[in-house]
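Subject: Structure for your review

Dear colleague,

Please find below the structure that I am handing over to you. My notes on what was found in it follow directly after it.

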Amino acid sequence: MNLIIETERLLIRPFERSDAESLFEMDKNPNVHKYLWKKPVENIDEIYAYIEMVQKQYSERGIGRFSTILKESKELIGWTGIKFVNDHVENGNTNFYDYGYRLNEKFWNKGYASEATKAWFEYGFNQMKIKEMNAYTHTENGASNHILEKNGMHLIEEYIAEDGINWKWWQMINPTF
């Protein structure tokens with residue numbers, strides 16, 4: 001996978017094994033997992049397995065979550081990206097494009113998530129020609145809900161997942177269709 005997306009401040013590229021330490025730092029933080037099933041990772045081997053799984057998605061689907069890096073400092077701030085969900089059912093849906101992101105806490109509230117979201121929506125709709133982009137967020141995750149709405153997604157419904165957690169289902173239709 002050789003796709004690279006650039007924004008004013010960000011370089012977005014496929015995962016590499018060398019990203020594991022930075023991803024581990026992010027994913028072991030309980031605050032990062034507050035709205036993500038509250039299961040921070042405990043061992044870096046979990047991160048290596050995640051990187052391998054995502055790299056497999058690249059080869060099978062041509063897309064997946066990508067490392068997101070500050071151009072200026074070369075720091076990996078988290079991941080952003082589109083993935084094709086076909087391995088489970090979410091809110092009655094499968095075989096759909098899902099947008100998501102996860103940032104290290106020290107990079108929150110700096111506009112990076114919005115900047116990456118805008119770039120991914122442009123890529124997904126204009127290059128990939130995705131007809132419909134979806135996302136789902138914890139109902140109480142005000143920051144992520146705001147970012148999705150600000151970037152053009154529409155709240156379709158709230159639902160309760162099998163684990164009893166309330167989620168919001170977001171959707172955006174390709175404006176060129």
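I begin with Lys39, which is exposed, with a relative accessible area of 62%; here buried means under 20% relative accessible area, exposed over 50%, and partly exposed in between, with a 1.4 Å probe and protein chains only. Please keep in mind that this is a predicted model, in which local features need pLDDT of at least 70 and side-chain atom pairs count only at pLDDT 80 or more, while totals for chains, interfaces and linings use all residues. Residues are numbered from 1 along each chain as its sequence is written, and side-chain values use heavy atoms, with hydrogens and water left out.

The loop between α1 and α2

Lys39 belongs to the loop between α1 and α2. Helices (H or I, at least four residues) and strands (E, at least two) are DSSP runs, numbered from the N terminus. The C-alpha atoms of Lys39 and Phe125 are separated by 32 Å, and the two residues are 86 residues apart along the chain. Lys38 is found in the loop between α1 and α2 as well, and Lys38 is exposed, with a relative accessible area of 63%.

How do α1 and α2 lie relative to each other? Two packed helices are described by the angle between their axes and the distance between the axes. The axes of α1 (residues 20-27) and α2 come within 9 Å and cross at roughly 115°. Axes are lines fitted to C-alpha atoms, for helices over the stretch in contact, and angles run from 0 to 180 degrees between N-to-C directions. Ala20, Glu21, Leu23, Phe24 and Asp27 of α1 meet Ile44, Ile47, Tyr48 and Ile51 of α2, where contact means heavy atoms within 4.5 Å. By class, this contact of α1 with α2 has 7 nonpolar, no polar and 2 charged residues. For these classes, Ala, Val, Leu, Ile, Met, Phe, Trp, Tyr, Cys and Pro count as nonpolar, Asp, Glu, Lys and Arg as charged, and the others, Gly among them, as polar.

Arg17 is found in the loop between β2 (10-14) and α1. Not counting residues up to four places away in sequence, Arg17 touches Tyr48, Ile51 and Glu52. At 47% relative accessibility, Arg17 counts as partly exposed. Arg17 and His154 are 137 residues apart along the chain, and their C-alpha atoms are separated by 35 Å.

The second largest pocket

Rolling a probe the size of a water molecule over the atoms shows where empty space is left. On a 1 Å grid over the protein atoms alone, a pocket is an open set of points where a 1.4 Å probe fits, with protein on both sides within 12 Å along at least five of seven lines, and lining residues have an atom within 4 Å of a point. The second largest pocket has a volume of about 160 Å³; grid points are joined across faces, edges and corners, and a volume is the space filled by probe spheres set on the points.

Which residues line the second largest pocket? They are Met53, Lys56, Gln57, Glu60, Arg61, Lys83, Phe84, Val85, Asn86 and Asp87. Both α2 (44-61) and β4 (76-85) supply at least two residues of this lining, and the largest share, 5 residues, comes from α2. The lining divides into 3 nonpolar, 2 polar and 5 charged residues.

Two residues with positive phi

Lys74 is not a glycine, although it has a positive phi of about 70°. Lys74 is found in the loop between β3 (65-70) and β4, and at 65% relative accessibility Lys74 counts as exposed. Asn91 is not a glycine either and has a positive phi of about 50°. Asn91 lies in the loop between β4 and β5 (96-103) and is partly exposed, with a relative accessible area of 22%.

Is Ser114 buried or exposed? Ser114, found in helix α3 (residues 112-127), is buried, with a relative accessible area of 12%. Leaving aside its neighbours within four places in sequence, Ser114 is in contact with Ile147, Lys150 and Asn151.

Lys129 is found in the loop between α3 and β6 (132-138) and is exposed, with a relative accessible area of 51%.

Yours sincerely
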